[in-house]
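Visitor: I am new to this structure and would like to learn how to read its features one at a time. Could you guide me through a few of them?

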Amino acid sequence: MPKLTRRDFLKLVGAGIGGIVLACSGLTFVATREPDIAMPQNTFGGNTKMASKVLVAYVTKSGSTVQVAETIGKSLADKGAIVDVRPIKAITNLDGYQAVVVGSGVRIGKWLPEAVEFVKKNQAKLNQVPTAFFTVHLLNLDESEASKQGRQLYAADARQSVNPRIEGFFAGKMEYAKLSWLERWMAQTMKAQEQDLRDWNKIGAWAQSLVPSVVQV
Ligand SMILES: Cc1cc2nc3c(=O)[nH]c(=O)nc-3n(C[C@H](O)[C@H](O)[C@H](O)COP(=O)(O)O)c2cc1C
């Protein structure tokens with residue numbers, strides 16, 4: 001058997017560690033890679049001159065918050081506002097908006113980090129204009145005290161920067177095909193059923209209740 005020099009030994013150990021790191025990062029990539037989720041940008045309303053301009057800013061991971069944000073946008077437009085509905089990553093500044101509605105889906109008890117980051121980064125403006133929050137989730141849906149308290153925690157990090165005038169909580173959707181491998185595994189482990197509990201009438205009515213305390217039309 002050929003003699004293994006100290007240099008060869010170190011090379012072998014280095015290659016082994018490199019291989020393990022590569023395999024782990026490859027596995028992490030595969031496990032967390034998300035299906036493509038459409039994040040449309042739409043503007044609703046605008047028929048009325050001098051209408052109030054409102055931003056509905058949303059963050060989603062598996063897509064269900066998109067239609068919630070759009071329903072809010074359309075309902076506010078029905079009341080006479082001009083409403084931009086945008087994914088947070090497409091928003092460069094908040095100039096020109098008279099009110100802002102910020103919403104996020106929930107993961108493991110919290111708003112998605114981009115939503116919290118957006119509120120923190122824009123807190124100066126968001127504290128000047130009327131602001132509302134909405135949360136899309138699947139636990140803590142009933143009216144028990146425990147559920148109400150659980151719901152309050154979802155946006156707690158964002159509320160440290162901005163106190164919204166009104167907050168809405170909406171039952172969301174579970175669709176395994178829209179989840180990464182890791183999230184699907186988590187959802188299966190929690191025995192989460194595939195379901196769509198979004199209540200469009202409730203969401204639309206909440207949006208219209210923002211007039212006039214958040215949105216002046
Ligand atoms: C991995 C995972 C964790 C979740 N954790 C929570 C949670 O802690 N509380 C909750 O109410 N809903 C939870 N949900 C449900 C989502 O908030 C719900 O499916 C929501 O509609 C997702 O919004 P999105 O599709 O816009 O990302 C979880 C969903 C997944 C897939």
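Visitor: In which loop is K191 found?

Guide: Bear in mind that this is a predicted model. K191 is found in the loop that runs between α7 (181-189) and β9 (195-196), and its phi is near 55°, a positive value in a residue other than glycine.

Visitor: Where is I108, and what is its phi?

Guide: I108 sits in the loop between β4 (99-107) and β5 (110-111), and its phi, near 45°, is a positive value in a residue other than glycine. I108 is also exposed, because 6 other C-beta atoms lie within 10 Å.

Visitor: Which peptide bond is cis?

Guide: The bond to look at is the one from V211 to P212, which is cis with omega near 10°; P212 itself belongs to the segment after α8 (200-209).

Visitor: Which residues come nearest to the ligand?

Guide: Of the 23 residues around the ligand, those that come nearest are T60, T65, G105, H137 and G172. Two or more residues of this shell are given by each of α2 (64-78), β4, β6 (131-137), β8 (173-174) and α7.

Visitor: How do the residues of the shell divide into nonpolar, polar and charged?

Guide: In the shell around the ligand there are 9 nonpolar residues, 10 polar and 4 charged.

Notes
Residues are numbered from 1 along each chain as its sequence is written. This is a predicted model: local features need pLDDT of at least 70, side-chain atom pairs count only at pLDDT 80 or more; totals for chains, interfaces and linings use all residues. Helices (H or I, at least four residues) and strands (E, at least two) are DSSP runs, numbered from the N terminus. A residue is buried if 20 or more other C-beta atoms lie within 10 Å of its own, exposed if 12 or fewer, and partly exposed in between; C-beta atoms are placed from the backbone. A residue is near a molecule or strand if its C-beta atom, placed from the backbone, lies within 6 Å of it. Ala, Val, Leu, Ile, Met, Phe, Trp, Tyr, Cys and Pro count as nonpolar, Asp, Glu, Lys and Arg as charged, and the others, Gly among them, as polar.
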